[in-house]
Amino acid sequence: MTSRKDSYDFHDQVGHLLRRAYQRHVAIFQDAIPDSDLTAAQFVALCTVKEKQSCSLNDIVKTTAIDQATIRGVVERLKARHLIEVTTDPSDGRKLLVRATPEGLALIDHTVPFAKEVTERTYGALNPAERVALVFLLRKMMDSETVEKDE
């Protein structure tokens, strides 16, 4: 006979809860962002390119934690919408550089207030202390991943 302590209920597992929270966040993003063609992944990639001004695909991957195969598709879609430009690095012809276009920068500026609303709605009923704790714990989980890779 299995005790309650030994049973496995996926509803209580951190991965399941994180996935559900992320699904809720993405639904809120899609509802709140006025540009219905802009995905959360595209927005964070575009914000990364703006922050770094000019960067490689690897820089975007490292900053966003979006895998290489997915980021290539994201970059292609942003490029097709003329939100970014992709050029060859003059010092290394094998390397691509990504830069936001004026249209891309304008879209970020227009979208940021809505993105802030998405964050607020994602937090939901969490009080200020719970919000700080949530962000602290998520960052701590991410930092422990870095430590595990270094070992």
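This report covers the annotated domain, the nonpolar core and a nonpolar surface patch of a predicted model.

## Annotated domain

UniProt lists residues 11–143 as "domain: HTH marR-type". The entry is unreviewed.

## Nonpolar core

The largest nonpolar core holds 26 residues. Leu46, Ile60, Ile71 and Leu78 have the most contacts inside it. Six elements are listed as giving two or more residues to this core: H1, H2 (40–52), H3 (57–64), H4 (68–80), strand S2 (92–100) and H5 (102–123). In soluble globular proteins, nonpolar side chains tend to be buried together.

Ile71 shows the local packing. Leaving aside residues up to four places away in sequence, Ile71 touches Ala45, Ile60, Val61, Thr64 and Ile66. Ile60 is itself among the core residues with the most contacts.

## Surface patch

A nonpolar patch lies on the surface. Val14, Leu18, Leu134, Leu138 and Met141 form it. Together they have about 390 Å² of accessible area.

Two helices, H1 (14–32) and H6 (128–150), each supply at least two of the patch residues. H6 gives the most, with three. H1 also gives two or more residues to the core.

## Leu18

Leu18 is found in helix H1 and belongs to the patch. Is Leu18 buried, partly exposed or exposed? Its relative accessible area is 39%, so Leu18 counts as partly exposed. The patch requires over 30%, a cut-off that Leu18 passes at 39%.

Terms used:
Residues are numbered from 1 along each chain as its sequence is written. This is a predicted model: local features need pLDDT of at least 70, side-chain atom pairs count only at pLDDT 80 or more; totals for chains, interfaces and linings use all residues. Side-chain values use heavy atoms; hydrogens and water are left out. Patches are made of residues with over 30% relative accessible area and no salt bridge: like charges are joined within 9 Å, nonpolar side chains (Val, Leu, Ile, Met, Phe, Trp, Tyr) within 5 Å. Accessible areas come from the Shrake-Rupley method with a 1.4 Å probe; for residues, only the protein chains shown count as cover. A salt bridge is a side-chain nitrogen of Lys or Arg within 4 Å of a carboxyl oxygen of Asp or Glu. Helices (H or I, at least four residues) and strands (E, at least two) are DSSP runs, numbered from the N terminus. Buried means under 20% relative accessible area, exposed over 50%, partly exposed in between (1.4 Å probe, protein chains only). UniProt positions are given in the numbering used here, feature names are shortened, and annotations may be inferred rather than shown by experiment. A nonpolar core is a set of buried Ala, Val, Leu, Ile, Met, Phe, Trp, Tyr and Cys residues joined through side-chain atoms within 4.5 Å. Contact means heavy atoms within 4.5 Å.
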